[in-house]
Protein chains: 2
Amino acid sequence: MAELNGNLLVAQSGGPTAVINASLAGVIQEAGRHECIEEIYGGLNGILGILNEELIDINEEKSRTIEGLKYTPGAALGTCRYKIDFKKKAESAVRDMDRLFEVFAAHNIRYFHYIGGNDSQDTAHKVHEQALARGYELRVNGVPKTIDNDLPHTDHCPGYGSVIKYVCATIMEVTCDVSAMATDDGACFLLEVMGRHAGWIAAGAVLAKRSPGDAPHIILAPEIRLDEPAFLAKVQEVVAANKYCVVVVGEGLCNAAGDEIAADSSRMDAFGHPVLSGAADHLADIITEKLKIKTRTVKLGYAQRAAAHFASLTDATEAAACGEAAVRAAIAGKTGFMVKIVREQSSPYKWTTGLQPLGDIANVEHFMPRDWFTADGFLPNEKFIEYARPLIEGEVKVAMEGGLPKYVTLAKSPVEKKLAPRV
Amino acid sequence: MAELNGNLLVAQSGGPTAVINASLAGVIQEAGRHECIEEIYGGLNGILGILNEELIDINEEKSRTIEGLKYTPGAALGTCRYKIDFKKKAESAVRDMDRLFEVFAAHNIRYFHYIGGNDSQDTAHKVHEQALARGYELRVNGVPKTIDNDLPHTDHCPGYGSVIKYVCATIMEVTCDVSAMATDDGACFLLEVMGRHAGWIAAGAVLAKRSPGDAPHIILAPEIRLDEPAFLAKVQEVVAANKYCVVVVGEGLCNAAGDEIAADSSRMDAFGHPVLSGAADHLADIITEKLKIKTRTVKLGYAQRAAAHFASLTDATEAAACGEAAVRAAIAGKTGFMVKIVREQSSPYKWTTGLQPLGDIANVEHFMPRDWFTADGFLPNEKFIEYARPLIEGEVKVAMEGGLPKYVTLAKSPVEKKLAPRV
């Protein structure tokens, strides 16, 4: 296979994670090891910035900064939620693709790595197909990313281990607090976590249990519709035994009718609009009303996917390795793949990376199997625990200054534009 | 001064913090160094457990457990919000005091240390006065605790440094995320923090700024009533400059009329009850409605006061030292004091402990001075920053197991009861 000389372009897309920048560092550091890769460019704000020819010169960045990306949350290149949609917006999709390949050609981009979740892998797949159709020599390999852990074919997704590690620590800590305050009147604490469709994050909270009686006592995943009477009975049972009950709820939890409970239209904001604020607050209302038990809620929101100060070393290491593997695959002539994590064994944990055709990934959501939950659906079972336990191992060492993390930002030295502005 | 032989009783009260157990460890370890202290007892659930003669034998605990208290959040002895109120409930207050001194006498308690905030110091003060009035030889010294930082006379309160350290890291991390996602449409992120009356926690978030343009861009403390038009103008100005705006709001923020904005009665729960859920959600409603800017909120709730995995080493060290100082003062014959932290200089930071009569502390709330904020009231100024900066320095080393903190619990070996049950 002939060596392909040219420049590399890497970009990030979708919601950031605690380790998406570790993948970026992996791409950059691996690219630096291959002479056939001449320049390393970063595309700002995902595909959207590339369309606007907003490229930065990564070789102008300090190596200290690139190393610092390994523990810096957010998406250092910026990100977007822009989708190139040939079905719904055919005309603009064709225009976008023409423009994209103009940008690629103008900057001799021969390696393209897109770091992201389902939508991003779909974009990478389309770019790959267009390159083939246009006869433009381009090696396109995606790097997986998503806290939701809902990409198919990969054992798990970079970003997932860190979010559940942080959620578990939060549960353990809040439980120390709630249990110390518990009185005979009882108390119910509810933690809302991300996950609109898939319950992987909520389920991950089970790792906070070191013995069966430990919190969390109930985990509500969006895959299983809420059986409200059974839930209330369970809360009451736990409070009777413990004086307090700790519940973790995925934001997308649905009621028996299949509607998201957070979207209950009887909750109104100050302007009379229905509030979509939270599944946990909604459950708290029900518990207060029907069980007369004091409730407290926490909604971690963006804090959970950005909590690099407590990221999983396993996760960060895998994220970087996925970035490296995407480049190595491209150098070896592979294109049209997403890097995946392959588990070799769970205990002791061993893993490697593999490649999966992008066409198998795009727009497929991977849900938790029902048989990874207990029969009553209120907790994940041993199968899930065996799966998830290794993913939170180890702590990332974050540089500190004045008692706070010293996260890095890119200098973002712009690459000179060669095209007329996008119309 | 004659040596006083007898037993020591320590208890915890009020809302837990990340370091209230470090104070407990300080009391216990210092007590172990003095032969005149015969037994070390812990009272469960504050004064309430003591009234029920629920004492545990601390000498039955492993030293490893006591050492582990230095990084374990919550209140290991359990806590309460019980108040002995001679004004409003004179009869039951007298009954409570009689019972308390029965328990003290039955167990030869000669040293009593209560770790807590304003109400707890008030209780300690009353116990001290009653001991004098009853001619019962008892040395009573309180140990300060409160994330709210609202105790007078002490430079700051154990618990405060850790909560603001965690809040700052959260702000930095969420800002990495929000800034990466920002589009021309603009976005406003709002973090709600604790602090019903005092804005110390909200203000502490300013330490996340390493340069003037950094987040947070606006900090709303309960001491300064919300000027809604000025606030909205400021959000708009920041979004125009930055594409995003990060706001920190203390839960007790009041509107121009002096009412808590979180208690706005136009916000209804699913059962038609007014929702008191959050100042941040309320501000988000206003921003969405009036500025048409996308908003996201995070409510850290109990997670912020329990976040021992990222506690300040300065704070934990001071918390333990306050516990030790309370015992040393008692051994030296002092009684009726609260230990306070005395700042010797800010840079480099030097501190020591001192003693303040309990009567000076009880029920006095210490607010942020107005001249520690900028003229427009939207940020704390240099005076505050100089004050707060040293308090977040250093990281507590938490024992880990399987990727999660290994917090300790007390074995709680009960002390044999000698009295009839409380009626």
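**Figure 1. Where chain A meets chain B.** Two residues are in contact if their C-beta atoms, placed from the backbone, lie within 7 Å. On that count, 60 residues of chain A are in contact with 60 residues of chain B. On the side of chain A that touches chain B, α6 (160–181), α9 (279–291), β9 (294–299), α10 (302–305) and β13 (404–405) of chain A each give at least two residues. The largest share, 13 residues, belongs to α6(A). Sorted by type, the residues on this side of chain A are 29 nonpolar, 16 polar and 15 charged. (Nonpolar takes in Ala, Val, Leu, Ile, Met, Phe, Trp, Tyr, Cys and Pro; charged means Asp, Glu, Lys and Arg; the others, Gly among them, count as polar.) Helices (H or I, at least four residues) and strands (E, at least two) are DSSP runs, numbered from the N terminus.

Before the next views, a word on the model itself. This is a predicted model, in which local features need pLDDT of at least 70 and side-chain atom pairs count only at pLDDT 80 or more, while totals for chains, interfaces and linings use all residues. Residues are numbered from 1 along each chain as its sequence is written, and chains are lettered from A and ligands numbered from 1 in the order in which they are written. The scores are ipTM 0.96 and pTM 0.96. Chain A has an average pLDDT (the predictor's confidence in each residue, from 0 to 100) of 95, and 96% of its residues score at least 70.

**Figure 2. The open sheet of chain A.** Here 7 strands of chain A line up as β3-β2-β1-β4-β5-β10-β11, with mixed pairing; two strands pair if DSSP finds at least two bridges between them. At the edges are β3 (55–57) and β11 (349–357) of chain A, each with a single partner strand, so one side of each has no neighbour in the sheet. On average, neighbouring strands of this sheet are turned by 30° against each other, direction ignored. Inside the sheet, β4 (residues 109–116) and β5 (residues 139–144) of chain A run parallel and are joined by 4 bridges. Lying across β1 (6–12), β2 (37–43), β4 and β5 of chain A is helix α1 (residues 20–31) of chain A, which runs at about 175° to β1(A). (Axes are lines fitted to C-alpha atoms, for helices over the stretch in contact, and angles run from 0 to 180 degrees between N-to-C directions.)

**Figure 3. A closer look at A:Asp150.** Find A:Asp150 in the loop between β5 and α6 of chain A. Is A:Asp150 buried or exposed? It is buried, because 22 other C-beta atoms lie within 10 Å. (Buried means 20 or more other C-beta atoms within 10 Å of a residue's own, exposed means 12 or fewer, and partly exposed is in between; C-beta atoms are placed from the backbone.) Leaving out residues up to four places away in sequence, A:Asp150 touches A:His197, A:Ala198, A:Trp200, A:Glu365 and A:His366. A:Gly117 is 33 residues apart from A:Asp150 along the chain, yet their C-alpha atoms are separated by 8.3 Å.

**Figure 4. Strand β8 of chain B and its partners.** All 7 of the 7 residues of β8 (residues 244–250) of chain B are buried, so this strand is largely enclosed by the rest of the structure. B:Tyr244, B:Val246, B:Val248 and B:Gly250 point one way from β8(B), while B:Cys245, B:Val247 and B:Val249 point the other way. Strand β6 (residues 187–193) of chain B runs parallel to β8(B), with 7 bridges between them. B:Ala187 partners B:Tyr244, and B:Glu192 partners B:Val249. β6(B) is itself mostly covered, with 6 of its 7 residues buried. It also pairs in the parallel sense with β9 (residues 294–299) of chain B over 6 bridges, where B:Glu192 stands opposite B:Lys299. β8(B) has a parallel pairing with β7 (residues 218–220) of chain B too, over 3 bridges, and there B:Ile218 faces B:Val247.

**Figure 5. Two strands and a helix in chain B.** β7(B), helix α8 (residues 228–242) of chain B and β8(B) make a right-handed β-α-β unit. (Right-handed means that, with the strands pointing away from the viewer, the path from the first strand over the helix to the second runs clockwise.)
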